[in-house]
Amino acid sequence: MTITRLDRVSIFGDKLSFLIPHEWVEDTDEAEDVYLYHAPGTDSGWLRLSLITAKNSSAKARDLLAERARQESGNLYQSDRNLIANGERPSPEGGVPIYQYWWAVLRSLGPALSREALFSYTILADRQGDAETQDAVSILSDLFCNAEFSDPAGSTVAN
């Protein structure tokens, strides 16, 4: 993936913002709580994301994320102020073999509030080993790990 320019996208009422390649377009989904992005005209490489707001302790949110990483044989690591779980898995969809990379990015916004952005990047399974795909996954991982979340009052909590 060659990127010449990135754009900041703010979604979910400005509760989440992150960078994506400039040429990517937003697509629609039947669900109001999911956003889709992709390069124009692509048949592989779809980004889907959702946002969860949890009203529980930051320690509990961290424990739940660590458990998800363990259950899905993923990784768990800290990136500045975000805690990230990520992994990958094959996944047939409608009989088409696909492969999915995922990132769950958690930010605690107070003693009893956290937000978790769920990013998934889906490709056709036969493109998993392509250098271009691996480059895209590496770039996207960096972008997602640096996602910014707004606090309950609406201001951005930067990394």
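Residues are numbered from 1 along each chain as its sequence is written, and side-chain values use heavy atoms, with hydrogens and water left out. Because the model is predicted, local features need pLDDT of at least 70 and side-chain atom pairs count only at pLDDT 80 or more, while totals for chains, interfaces and linings use all residues.

Helices (H or I, at least four residues) and strands (E, at least two) are DSSP runs, numbered from the N terminus; two strands pair if DSSP finds at least two bridges between them. An open sheet is formed by 7 strands in the order 3-4-5-9-8-7-6, with antiparallel pairing. Strand 3 (25-27) and strand 6 (75-79) are its edge strands, each pairing on one side only. On average, neighbouring strands are turned by 25° against each other, direction ignored. Strand 8 (residues 96-110) and strand 9 are joined in the antiparallel sense over 12 bridges, and Ile98 stands opposite Leu124 in strand 9.

Axes are lines fitted to C-alpha atoms, for helices over the stretch in contact, and angles run from 0 to 180 degrees between N-to-C directions. Helix 1 (residues 58-71) lies across strands 6, 7 (82-93), 8 and 9, running at about 160° to strand 8. Helix 2 lies across strands 5 (46-54), 6, 7, 8 and 9, and runs at about 15° to strand 8. Residues buried in helix 2 include Thr133, Ala136, Val137, Leu140 and Phe144; buried means under 20% relative accessible area, exposed over 50% and partly exposed in between (1.4 Å probe, protein chains only).

Rings of Phe, Tyr and Trp (its six-membered ring) pair if their centres lie within 6.5 Å; planes under 30 degrees apart count as stacked, over 60 as edge-to-face and the rest as tilted. By this rule the count comes to 8 aromatic pairs. Tyr99 and Tyr101 have ring centres 5.2 Å apart and planes at 65°, so this pair is edge-to-face; both residues are buried. Phe119 and Phe144 are stacked, because their ring centres are 4.2 Å apart and their planes at 10°. This pair links distant parts of the chain, with Phe119 in strand 9 (residues 113-124) and Phe144 in helix 2 (residues 131-145), 25 residues apart. Phe119 counts as buried at 2% relative accessibility, and Phe144 at 0%. Ring pairs also link Phe18, Tyr37, Trp103, Phe119 and Phe144 into a cluster.

Terms used
Contact means heavy atoms within 4.5 Å.
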